[in-house]
Amino acid sequence: MSGYPPPPDVIRGRVAWIFGDDFDVDLIIGVENIKYYDADVLRGVTMQAYDPDFVDKVEPGDVIVGGRNFGYGHPHYPPLVALRNLGVAAVIAESFSPGFWRGETYNGMPLITAPGITDHVRRWDPVEVDWRKARVTLPNAGTTLEGTPPSERVTKIIEAGGSLRLLLAEHRR
Amino acid sequence: MPQTITEKILARAGGVDSVRPGQNLPFRPDHMVAYDFPGYTDVMFRQMHEDFGITELAEPERYLVFIDHMLTKGDEKERDIHKVTREWCDFYGVTLHEAEGIGHQVAAELGYATPGRFLIHFDGHVSGLGAFGALGWGVRRDLLEAWVSGQIYLDVPATVRFDLTGEFGPGVDNRDLVHAIIGRLGADGCAHQVMEFGGPGAEAMSIDRRQGLCGMAMFTGAVSAIFNPDGRALDYADAVARSPYEPVASDPDAEYSSRHTFDLSTIEPQVVLPGSARSANTHGVSELDRTEVTKAFIGSCASGRIEDIRDAAALLDGQKVSAGVELNVVPTSAEIHRQAEREGLLDVLRTAGANIHTSSCDFCFGYQKPLQPGEKCISTGVLNISGRMGSTASEIYMGSASTVAASAITGKITDPREVMNR
């Protein structure tokens, strides 16, 4: 769960999906499946309610986009594990629900708050994410959005590939 | 510089004179709290010992563990998880409270949450301790950071101020208020901020009501919620405090990101439709069809306190739970259970046909008597996402203890004021 390599300085990919406001991430795999971590099981249930071919279309470096309050509800970890397994490298949203933000930041996922993002993207648009600067470049829209950069601590967490790795480097005896 | 109560508590915990919203700093919580649960504590226990090589704690008194989940099956899995917890606490000299009730309540009763204290937990409902002028913050897996280092990096939150006027009308309480707040401000209305309650309506609110209100903060997007400590909170704290404490309060000219006024006397009973507590699912009970229910539940860290049980007993006194409904009542703690027994409330509920259960978290997360496919439950639990209380093909409606009790009597989701008036 916390064993992912840190992202490149600039994440280059496509917008693999656009979710709406108050999106409950458990729906990515279906609430029946929120306790599974097995990669094959997760692959079989990922995004089935939205696009049954999603797992075959998505490529490493792709990102997902969310509306306001992305991650609202009672977020479990497996849905983002499932997306990570497919290569999804960042989540860009109008805003994030605090519980989701904290849990996924712990896991080292770059979460970029970029107000206006949902007005500027369509599915499969190319996107470049400079996650340290929270800068999102959208060539098709001819736009660059800038969010609030992560704190120094969160930057370190993402660079380490998650909080557990950073804490081990700092506090292992 | 004028400060809010939250900023003052964090400044002390951060060892600095003052903090301002947006700063990211390390803070030293007074207590670092967990309940044992598979995949959480057992993993953290193993990580601390094996991965971090920690064999003793510098300040074990800052750690606090509760056993309040998984207490009702008595099977091997249950015994195993609790055994691991007991052994870990024993090894490190950490205080363990087992089967004394729901930790977010027991922490208050045992004096861990006195005014001015800063507590973290992996579970966000620790925000209920804001009733006492303590700051309780749910940090999910970042609890590990505090457990291995004694401190945790957090962004200082801005504060949203709620000025409460008036008093709750009959059949209306804190549960209706929190859903009315979500209904007006949205499910992210207080995102990444702290809710601070003040004004005459806050001063008139009982401790039980304050706990239930603060404990639901996360559904507005807030990281916590808090009341400035007043006579009620200080009286409670003085009776239970384990050590001297220093109350702090917001300065009159403290800065808030926004202010909202709610007149408690105008709020009507609220019901949340199955799915989540988002505003689109939140309705005044009078707007809704009278949906039939098969289960009714009063309990959880957000309800089940003595005033909730008194409200339910007042409605059920001389009445019967509808033939098609099973009403389960779980006092929030063993202490509350004993008090409700002394007051004769549990006998009233039993006579009406309710089942009374030993205090635990087990109903609220679908572990004890899980809902079956097709069932509809009206609940004071904290969450109504699909599958939360059992089958993903069951549905959970949420409301106050009064609304649950009234609905149990009629067998349909019912405005408690109707039952009171008949």
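Is the crossing of α6(B) and α8(B) left-handed or right-handed? In this predicted model, the crossing of these two helices is right-handed.

## The α6(B)–α8(B) helix pair

Helix α6 of chain B spans residues 174–185, and helix α8 of chain B spans residues 207–214. Their axes come within 8 Å and cross at roughly 35°.

From α6(B), the residues that take part are B:N174, B:R175, B:L177 and B:V178. They meet B:R209, B:G212 and B:L213 in α8(B). By class, this contact consists of 3 nonpolar, 2 polar and 2 charged residues.

## Domains of chain B

Chain B comprises domain 1 (5–243 + 256–264) and domain 2 (272–420). Taken over C-alpha atoms, the centres of domain 1 and domain 2 of chain B are separated by 24 Å. Domain 1 of chain B contributes 32 residues to the contact between them, and domain 2 of chain B contributes 29 residues.

On the side of domain 1 of chain B that touches domain 2 of chain B, the elements giving two or more residues are α4 (103–109), α6 and α8 of chain B. Among these, α6(B) gives the most, with 5 residues. The residues on this side of domain 1 of chain B divide into 15 polar, 9 nonpolar and 8 charged.

## Contact between chains A and B

Chain B supplies 30 residues to the contact between the chains, and chain A supplies 25 residues. On the side of chain B that touches chain A, at least two residues come from each of α5 (143–149) and β7 (152–155) of chain B.

The largest share of that side is provided by α5(B), with 4 residues. The side of chain B that touches chain A has 12 nonpolar, 10 polar and 8 charged residues.

## The largest nonpolar core

The largest nonpolar core holds 184 residues. Those touching the most other members are A:V63 and A:I92 in chain A, together with B:A312, B:L316, B:L349 and B:A405 in chain B. At least three residues of this core are drawn from each of domain 1 (5–243 + 256–264) and domain 2 (272–420) of chain B.

The surroundings of A:I92 can be listed in detail. Leaving aside its neighbours within four places in sequence, A:I92 is in contact with A:V63, A:V65, A:I112, A:A114, A:I117, A:V129 and A:V136.

Notes
Residues are numbered from 1 along each chain as its sequence is written. Chains are lettered from A and ligands numbered from 1 in the order in which they are written. This is a predicted model: local features need pLDDT of at least 70, side-chain atom pairs count only at pLDDT 80 or more; totals for chains, interfaces and linings use all residues. A nonpolar core is a set of buried Ala, Val, Leu, Ile, Met, Phe, Trp, Tyr and Cys residues joined through C-beta atoms within 7 Å. A residue is buried if 20 or more other C-beta atoms lie within 10 Å of its own, exposed if 12 or fewer, and partly exposed in between; C-beta atoms are placed from the backbone. Domain bounds come from an automatic or database domain assignment. Two residues are in contact if their C-beta atoms, placed from the backbone, lie within 7 Å. Axes are lines fitted to C-alpha atoms, for helices over the stretch in contact, and angles run from 0 to 180 degrees between N-to-C directions. A crossing is left-handed if the near helix is turned anticlockwise from the far one by less than a right angle, and right-handed if clockwise. Ala, Val, Leu, Ile, Met, Phe, Trp, Tyr, Cys and Pro count as nonpolar, Asp, Glu, Lys and Arg as charged, and the others, Gly among them, as polar.
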